[in-house]
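Student: I would like to learn how to read the features of a model like this one. Could we go through them in turn?

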Amino acid sequence: MHELSIAVQIIEIVHKHLPADQNLSVKKIRLRVGEFTAIIPESLRLCIDTITRETADAGVELEIIEIPAQVKCRQCFSVSKIEPPYLICASCGSQQVDIISGRELLVENIEAE
Ligand SMILES: [Zn+2]
């Protein structure tokens with residue numbers, strides 16, 4: 001359950017971005033989550049619900065945009081979507097690949113009022 005510590009961090013990050021002198025509550029958070037992070041969206045949602053329950057952010061909506069895991073092959077230079085944790089080129093089977101997307105864990109947008 002690494003989602004719980006991630007959820008705590010997300011709420012911390014969100015509050016750092018809000019003006020401290022206004023009592024805003026967070027209504028919506030949009031996240032970009034890459035497949036390599038191994039985060040289960042439903043589990044993350046549950047954790048956010050749990051830690052915000054007794055706070056001004058209770059009921060915050062979570063929008064999760066999942067970013068596919070993609071690699072670029074150093075042998076045939078093709079880009080392929082893969083199933084983590086297997087880092088193999090889908091075109092030629094080479095293991096000499098570089099990760100080009102899927103490691104993201106970003107707070108993309110915050111709505112508060
Ligand atoms: Zn290849």
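Student: Which residue in E6 is the bridge partner of Lys-28?

Tutor: Two ground rules come before that. This is a predicted model, in which local features need pLDDT of at least 70 and side-chain atom pairs count only at pLDDT 80 or more, while totals for chains, interfaces and linings use all residues. Residues are numbered from 1 along each chain as its sequence is written. Strands of a sheet pair through backbone hydrogen bonds, either parallel or antiparallel. Here two strands count as paired if DSSP finds at least two bridges between them. Helices (H or I, at least four residues) and strands (E, at least two) are DSSP runs, numbered from the N terminus. In E6, Glu-111 is the bridge partner of Lys-28. E1 and E6 run antiparallel and are joined by seven bridges.

Student: What is the order of the strands in the open sheet?

Tutor: The order is E2-E1-E6, three strands with mixed pairing. E2 and E6 (105-112) each have a single partner strand and stand at the edges, so one side of each is left without a neighbour in the sheet. Ignoring direction, neighbouring strands are turned by 15° against each other on average.

Student: Which strands of the sheet does H1 touch?

Tutor: For the angles, axes are lines fitted to C-alpha atoms, for helices over the stretch in contact, and the values run from 0 to 180 degrees between N-to-C directions. Contact between two residues means that their C-beta atoms, placed from the backbone, lie within 7 Å. H1 packs on the sheet and touches E1 and E6, its direction making about 55° with that of E6. H2 lies across E1 and E2 and runs at about 155° to E2.

Student: Which residues of H2 are buried?

Tutor: A residue is buried if 20 or more other C-beta atoms lie within 10 Å of its own, exposed if 12 or fewer, and partly exposed in between, with C-beta atoms placed from the backbone. In H2 the buried residues are Leu-44, Cys-47 and Ile-48. They cover an arc of only 100° around the axis, which puts them on the same side of H2; the arc is that of the directions from the helix axis to the C-beta atoms. The exposed residues Glu-42 and Thr-50 sit on the face turned away from the buried side of H2. The buried residues of H2 pack against H1 and E2 (61-67).

Student: Is Cys-73 buried or exposed?

Tutor: Cys-73 counts as buried because it has 20 C-beta neighbours inside 10 Å. Leaving aside neighbours within four places in sequence, the contacts of Cys-73 include Cys-89 and Cys-92.

Student: How many bridges join E3 to E5?

Tutor: Four bridges join E3 to E5 (residues 97-101), and the two strands run antiparallel. In this pair Lys-72 stands opposite Asp-98.
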